[in-house]
Amino acid sequence: MAKKRGNNEGSIRERKKGQWEGRVTIGRKPDGSPNRVSFYGPSRAEVATKITDALSKLQTGTFVEPNKVTVNQWLEKWMKLYQESTISPNFYARRKDLIRIHIVPAIGNIQLLKLKPSDIKKLYNDLEKSGRKPAKKKNGKTIPLKEGTPKGLATGTIRHIHNILNPAMKQAVKEGLVPKNVVADAQPPKIIRTREAKPLSKDQVSKYLGILKENRLYAAFLLDLITGLRRGELIGLQWKDLNMQTGALIIRRQITRIEKEDGKSSLEYAPLKTPASYRTIMLPSVALNELKAHRKRQAAEELLAGNKYNKEEGLIFSTPFGGKLDTRHLYRVHCKALEDADLEHTAFHDLRHSCTTLLLQAGENIKTIQNLLGHSDIETTLNCYSHVLEEMKMSAADKLDSIFTEVLNPKEPVQESDSVTEHTN
């Protein structure tokens, strides 16, 4: 006769239609009653194996109670509980879009317990091959991709999707929904930068600013080239952030366009990108002098607008009525200035790169530049400007070549002629 299973070792019974059921007590419910889970199979031996496996995992603390939670259900809960209050509204909206457009259609209906590393890897491979989606208009019609546009999703975007799935699954492990994080076993593709920065040279900066000289926002473009501020940081500056006597400018907020769930958007103040983005910059005299002139022009605009002027914002760079500037307006002015100056098109963000490149070429050290830009770590700065640093290495090599050519081949001292010696005597 088979030995009867002991207490908490589970039990097995035959069900109708040739099915077998095994039950294991995994603990107690809040009311004190036993918390049991069931396992099913077509044979007693298969169910016994499942029970043995469950008991082994209970002993090692790796047992996960069976559940039918799907990837989509968990991501919705994780975003609400762990993301909504910890990241910026715009970043939150961006993550929601990536989940809705790319993750849910591919793996959203898979149960967390059945999700495999191969499912994640296939998702990344498919996105890299053909993940780019046609844009949709407000009327629901789609805008087809332009001819020549890559069909694959940018590797940076796929990495962002990985940075959603990985921490979400880590939390699922902590909450006992899955035994391990399968996303950690599926590496996303390495980031390949498809757009190179195009910083402006000194001569190009001169032409660019020459075109903007009479624009009411000239000081904004000059300040951006001098400080390398991000666009949202630039338009988020308020007069209270600037000490006109010392030249100290405190960066402590940004303005960004927040996408709402109803499809509408609005310009809002938002936290900065990282803790390192909160910083103080010392402005040179050329920037301070232009800001003083800008403040006078702004005072004239306030006088002209009268009661319609928004005094509460206190923005350094604003609309003629004191309101928040749209980042898209700055971009349009930037593009027009490049065109009028007969310069190749560059992104607005390349003004930030221009500032850094000019400083590096002038010999400024990389640590100071890291603090100026508000990068969290120096590796980010080094990676962003490796091309400039490489040029500087070559220049340093040329200088060393010149120095050691003289060291190894010293010039013979000039001998004074007898005639000169006699004359001197």
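The side chains of K50 and E46 form a salt bridge with an N to O distance of 3.8 Å. The structure is a predicted model, in which local features need pLDDT of at least 70 and side-chain atom pairs count only at pLDDT 80 or more, while totals for chains, interfaces and linings use all residues. Residues are numbered from 1 along each chain as its sequence is written, and side-chain values use heavy atoms, with hydrogens and water left out.

**Exercise 1.** Find where K50 and E46 lie.

*Solution.* Begin with the rule for a salt bridge, which asks for a side-chain nitrogen of Lys or Arg within 4 Å of a carboxyl oxygen of Asp or Glu; by this rule the count comes to 21 salt bridges. Helices (H or I, at least four residues) and strands (E, at least two) are DSSP runs, numbered from the N terminus.

**Exercise 2.** Describe the order and pairing of the strands in the open sheet.

*Solution.* Strands of a sheet pair through backbone hydrogen bonds, either parallel or antiparallel. Here the three strands have the order 1-2-3 with antiparallel pairing, where two strands pair if DSSP finds at least two bridges between them. The edge strands, each pairing on one side only, are strand 1 (11–14) and strand 3 (34–41). Strand 2 (residues 20–28) is joined to strand 3 by eight bridges, and G22 has F39 as its bridge partner in strand 3.

**Exercise 3.** State how helix 1 is placed against the strands.

*Solution.* Helix 1 (residues 44–60) lies across strand 1, strand 2 and strand 3, and runs at about 15° to strand 2. Such angles run from 0 to 180 degrees between N-to-C directions, with axes fitted as lines to C-alpha atoms, for helices over the stretch in contact, and contact means heavy atoms within 4.5 Å.
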